[in-house]
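Here is a briefing on one protein chain. Look over the sequence and the model first, then read the notes by topic.

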Amino acid sequence: MFFSQAGARPRMWEASPSEHKKWVEVFKACDEENKGYLSREDFKVAVVMLFGYKPSKIEADAVMSSVDPNTSGILLKEFLDIVRKKKEAQLYRNEIRHIFTAFDRHYRGYLTLEDFKKAFKQVAPKLSERIILEVFRCVN
């Protein structure tokens with residue numbers, strides 16, 4: 001993960017052709033009546049199939065409020081965009097978790113300044129201690 005001056009930003013991610021195909025297949029499977037869109041309940045089933053969890057009422061409300069009000073549900077193009085964003089966020093969280101675990105060598109669930117110093121000494125040995133301290137203060 002690379003950090004911009006504004007802070008951490010997830011990278012743009014593109015689905016592989018096979019993953020894209022899977023998403024289209026899930027959309028079609030959940031659109032049982034071939035309506036051309038997913039209802040709220042159809043969407044929930046699709047999320048379970050792709051991500052292994054049932055979306056909360058808040059998540060379902062947010063998705064449904066973001067779709068075009070002139071349609072009766074989530075069109076394929078919208079669905080693919082939603083799934084891509086969810087996958088990007090999932091990969092970003094996994095990357096952050098991986099980085100945190102690498103820093104947390106004693107498996108305490110939190111990082112000390114010493115953990116930070118040791119990690120940065122390995123990955124950026126010429127980085128000044130002042131910068132490391134600033135970064136540590138920003139994340140705490």
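The notes below go from the overall fold to single residues.

This is a predicted model: local features need pLDDT of at least 70, side-chain atom pairs count only at pLDDT 80 or more, and totals for chains, interfaces and linings use all residues. Residues are numbered from 1 along each chain as its sequence is written, and side-chain values use heavy atoms, with hydrogens and water left out.

**Overall fold**

- The protein chain has 6 helices and 4 strands. Helices (H or I, at least four residues) and strands (E, at least two) are DSSP runs, numbered from the N terminus.
- From the N terminus on, the order of elements is β-β-α-β-α-α-β-α-α-α.
- The protein chain is more spread out than a compact globule, because its radius of gyration is 20 Å, well over the 14 Å that the globule rule gives for 140 residues. The radius is taken over C-alpha atoms, and the rule is 2.2 Å times the number of residues to the power 0.38.
- The C-alpha trace spans about 60 × 30 × 25 Å along its principal axes.

**Surface and contacts**

- Of the 140 residues, 29% count as buried. Buried means under 20% relative accessible area, exposed over 50%, and partly exposed in between (1.4 Å probe, protein chains only).
- The accessible surface comes to about 9,900 Å². Carbon and sulfur atoms hold 57% of that surface. Areas come from the Shrake-Rupley method with a 1.4 Å probe; for residues, only the protein chains shown count as cover.
- Among contacts with a separation of 6 or more, 46% are between residues 24 or more positions apart. Contact means heavy atoms within 4.5 Å.

**Salt bridges**

- The structure holds 14 salt bridges. Each is a side-chain nitrogen of Lys or Arg within 4 Å of a carboxyl oxygen of Asp or Glu.
- Arg 40 forms a salt bridge with Asp 61, with the closest N and O atoms 2.5 Å apart. This pair links distant parts of the chain: Arg 40 is in helix H2 (residues 40-51) and Asp 61 in helix H3 (residues 57-66), 21 residues apart. Arg 40 is partly exposed at 25% relative accessibility. Asp 61 is partly exposed at 30%.
- Glu 134 and Arg 130 meet in a salt bridge at 2.5 Å, N to O. They are 4 residues apart in helix H6 (residues 129-139), so about one helical turn separates them. Glu 134 is partly exposed at 38%, and Arg 130 is exposed at 54%.
- Asp 81, Arg 84, Lys 85 and Glu 88 are linked in a network of salt bridges.

**The loop between H4 and H5**

- Asp 104 lies in the loop between helix H4 (76-103) and helix H5 (113-123).
- Asp 104 is buried yet has no salt bridge. The nearest side chain of opposite charge is Arg 108, 4.4 Å away. Lys and Arg count as positive and Asp and Glu as negative; His and the chain ends are not counted.
- Arg 108 forms a salt bridge with Asp 115, with the closest N and O atoms 2.5 Å apart. Arg 108 is partly exposed at 33% relative accessibility, and Asp 115 is buried at 6%.
- A polar atom of the Asp 104 side chain lies 2.8 Å from the backbone nitrogen of Gly 109.
- Leaving aside neighbours within four places in sequence, Asp 104 is in contact with Gly 109, Tyr 110 and Leu 111.
- Tyr 107 is in this loop as well. Tyr 107 has a positive phi of about 55° although it is not a glycine. Tyr 107 is exposed, with a relative accessible area of 71%.

**Other loop residues**

- Most residues other than glycine have a negative phi.
- Asn 34 has a positive phi of about 50° although it is not a glycine. Asn 34 is found in the loop between helix H1 (17-30) and strand E3 (37-38). Asn 34 is exposed, with a relative accessible area of 66%.
- Ser 56 lies in the loop between H2 and H3. Ser 56 is partly exposed at 38% relative accessibility.
- The side chain of Ser 56 reaches the backbone nitrogen of Glu 59 at 3.1 Å.
- Ser 56 and Lys 44 are 12 residues apart along the chain, and their C-alpha atoms are separated by 8.8 Å.

Key
A polar contact is a pair of N or O atoms within 3.5 Å; within protein, one must be able to donate a hydrogen and the other to accept it, and residues adjacent in sequence count only if both atoms are side-chain atoms.
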